[in-house]
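Student: I am new to this structure. Can we go through it in short questions and answers?

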Amino acid sequence: MPSTRRSLLTAFLTLPLIDAARVKAFAQAAPELPLTLACDDGDELTLEREAGPFFKPNSPLNRDLYPDSPSGERITVAGFVLDNRCRPQPGTLIEVWQADENGDYDSVGFRFRGHQFTDAQGRWWFNTIVPALYPGRTRHFHFKVQRPGGRVLTTQLFFPGEAGNAEDRLFDEALLLEIKQTRDGKFGRFDFVI
């Protein structure tokens with residue numbers, strides 16, 4: 001495993017604006033970065049999922065959530081926000097919340113909760129930990145995504161190969177992260193289409 005999460009994030013951040021030709025060229029030049037399928041006009045919108053009982057408004061502007069659990073398994077989760085015509089959506093609000101290393105959600109403070117805004121190319125990323133399982137659910141992240149003046153997409157992203165995926169009523173393969181194992185944790189990729 002020659003890659004690190006940092007090297008994959010650096011490669012991701014050097015991506016030019018998305019178009020199908022560039023995505024294919026980049027995939028050939030840097031095959032270690034887990035790219036989603038090439039963007040095509042008419043891409044389907046990202047599926048909605050319920051927020052669940054643990055959402056709290058007013059999360060802090062924070063993309064580095066891992067300090068809340070120094071012993072947790074590190075993961076960088078990254079992607080683009082695009083419209084269904086493959087256009088990047090700069091300035092889009094991305095909010096995340098998740099279970100901690102014990103499968104608990106912080107209901108008092110903002111541990112493992114944060115938000116950010118996509119950059120000029122529609123990119124977003126969070127440095128966090130792999131959430132633990134909790135009863136009745138498979139491993140997942142919660143997200144809210146809203147472009148300026150747009151409606152809010154509430155959804156959940158899931159991990160491939162989890163035993164609980166088949167039993168989780170909210171699971172859908174269309175919401176799977178693409179995961180790459182690196183020397184220092186995992187790198188997950190997902191592009192939201194809104």
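Student: Which residue in E8 is the bridge partner of Val77?

Tutor: This is a predicted model, where local features need pLDDT of at least 70, side-chain atom pairs count only at pLDDT 80 or more, and totals for chains, interfaces and linings use all residues. Residues are numbered from 1 along each chain as its sequence is written, and side-chain values use heavy atoms, with hydrogens and water left out. Strands (E, at least two residues) and helices (H or I, at least four) are DSSP runs, numbered from the N terminus. Strand E8 covers residues 185-189 and joins E1 in parallel through four bridges; there, the partner of Val77 is Gly188.

Student: How many bridges join E1 to strand E4?

Tutor: Two strands pair if DSSP finds at least two bridges between them. E4 spans residues 123-129 and runs antiparallel to E1. Ala78 has Trp125 as its bridge partner in E4. The number of bridges joining E1 to E4 is seven.

Student: In E9, which residue is the bridge partner of Val81?

Tutor: Strand E9 is residues 192-193. E1 and E9 pair in the parallel sense, over two bridges. The partner of Val81 in E9 is Phe192.

Student: Why is strand E1 largely enclosed by the rest of the structure?

Tutor: Buried means under 20% relative accessible area, exposed over 50%, and partly exposed in between (1.4 Å probe, protein chains only). E1 runs over residues 74-82. It is largely enclosed because, of its nine residues, the number buried is eight.

Student: Which residue in E5 is the bridge partner of Trp97?

Tutor: Strand E2 (residues 93-97) is mostly covered, with four of its five residues buried. E2 pairs antiparallel with strand E3 (residues 113-117) over five bridges, and Leu93 stands opposite Phe117 there. E2 also pairs antiparallel with strand E5 (residues 140-146), again over five bridges. In E5, the partner of Trp97 is His142.

Student: In what order do the elements of the protein run?

Tutor: The protein has two helices and nine strands. From the N terminus on, the order is α-α-β-β-β-β-β-β-β-β-β.

Student: What percentage of the residues in the protein are buried?

Tutor: The protein has 194 residues. It exposes about 9300 Å², and carbon and sulfur atoms supply 53% of that (Shrake-Rupley method, 1.4 Å probe). The buried share of the residues is 49%.

Student: Which residues touch the most other members of the largest nonpolar core?

Tutor: A nonpolar core is a set of buried Ala, Val, Leu, Ile, Met, Phe, Trp, Tyr and Cys residues joined through side-chain atoms within 4.5 Å. The largest one has 25 residues. E1, E2, E4, E5 and strand E6 (153-158) each give two or more residues to this core. Touching the most other members are Ile94, Trp124, Phe141, Phe143, Val145 and Phe192.

Student: Which residues does the second, separate core include?

Tutor: This core has seven residues. Among them are Ala78, Phe80, Trp125 and Phe187.

Student: How are the rings of Phe54 and Tyr134 arranged?

Tutor: Rings of Phe, Tyr and Trp (its six-membered ring) pair if their centres lie within 6.5 Å; planes under 30 degrees apart count as stacked, over 60 as edge-to-face and the rest as tilted. The whole structure holds 13 aromatic pairs. Here the centres are 6.2 Å apart and the planes stand at 90°, so the pair is edge-to-face.

Student: How many residues apart in sequence are the parts that Phe54 and Tyr134 tie together?

Tutor: Phe54, at 30% relative accessibility, is partly exposed, whereas Tyr134, at 17%, is buried. Phe54 lies in the loop between helix H2 (20-29) and E1, and Tyr134 in the loop between E4 and E5. The pair therefore ties together parts whose separation in residues is 80.

Student: What kind of pair do the rings of Phe141 and Phe159 form?

Tutor: Both residues are buried. Their ring centres are 5.5 Å apart, with the planes at 35°. The pair is therefore tilted.

Student: Over which ring does the charged end of Lys144 sit?

Tutor: A charge sits over a ring if NZ of Lys or CZ of Arg is within 6 Å of the ring centre and within 35 degrees of the ring normal. Lys56 has its charged end over Phe110, 4.1 Å from the ring centre. For Lys144 the distance is 4.7 Å, and the ring is that of Phe55.
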